[in-house]
Amino acid sequence: MATRITEDCTSCGACEDECPTNAISLGEDIFVINPDTCTECVGFHDSQQCALACPVDCCLPDSTRVESEDTLFARAKTVDGTMPAAEELSAETSHFRAGEAAE
Ligand code: SF4
Ligand code: SF4
């Protein structure tokens with residue numbers, strides 16, 4: 001699922017520069033995430049970087065947009081044409097694989 005920003009956003013802007021797909025921008029009142037470019041950071045990081053950066057914990061999974069790792073990775077490839085093959089996704093580049101490194 002894409003990540004969404006709730007109404008608790010204080011528009012501090014801390015998340016914007018952390019997004020590897022430039023999916024975050026200032027909306028009318030608060031910052032917003034474009035669900036068509038958010039990959040939940042799949043392909044780039046082990047967790048959602050906006051959520052890590054947010055001081056008020058208002059970057060949350062959007063339960064109305066549940067998406068698979070395949071879907072999110074395909075989206076990542078449209079953003080970054082140099083992405084490796086899906087088989088190379090790891091615990092460092094997909095939160096779906098969290099825990100793999102410890103196994
Ligand atoms: S989850 Fe990742 S890709 Fe999605 S908006 Fe946040 S930082 Fe950007
Ligand atoms: S870091 Fe959090 S509070 Fe700051 S702009 Fe992003 S979503 Fe809003």
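Twelve residues make up the largest nonpolar core: A2, I5, C15, C19, A23, I24, F31, I33, C38, C50, C54 and C59. Such a core is a set of buried Ala, Val, Leu, Ile, Met, Phe, Trp, Tyr and Cys residues joined through C-beta atoms within 7 Å. Buried means 20 or more other C-beta atoms within 10 Å of a residue's own, exposed means 12 or fewer, and partly exposed lies in between, with C-beta atoms placed from the backbone. This is a predicted model, where local features need pLDDT of at least 70, side-chain atom pairs count only at pLDDT 80 or more, and totals for chains, interfaces and linings use all residues. Residues are numbered from 1 along each chain as its sequence is written, while chains are lettered from A and ligands numbered from 1 in the order in which they are written.

- A second, separate core has six residues, including V42, L72, A76 and L89.
- Beyond its neighbours within four places in sequence, C59 is in contact (C-beta atoms, placed from the backbone, within 7 Å) with T3, I5, C15, Q48, C50, A51 and C54.

**Ligands**
- Ligand 1 is surrounded by 15 residues (C-beta atom, placed from the backbone, within 6 Å), and C19, C38, C41, Q48 and C50 are the closest.
- Its shell holds eight nonpolar, five polar and two charged residues.
- Ligand 2 has 14 residues around it, with C9, C12, A14, C15 and C54 nearest.
- The ligand 2 shell has eleven nonpolar, three polar and no charged residues.
- Nonpolar covers Ala, Val, Leu, Ile, Met, Phe, Trp, Tyr, Cys and Pro; charged covers Asp, Glu, Lys and Arg; the others, Gly among them, are polar.

**F96**
- F96 counts as partly exposed because it has 15 C-beta neighbours inside 10 Å.
- F96 and S47 are 49 residues apart in sequence, yet 9.0 Å apart in space, C-alpha to C-alpha.

Notes. Two residues are in contact if their C-beta atoms, placed from the backbone, lie within 7 Å.
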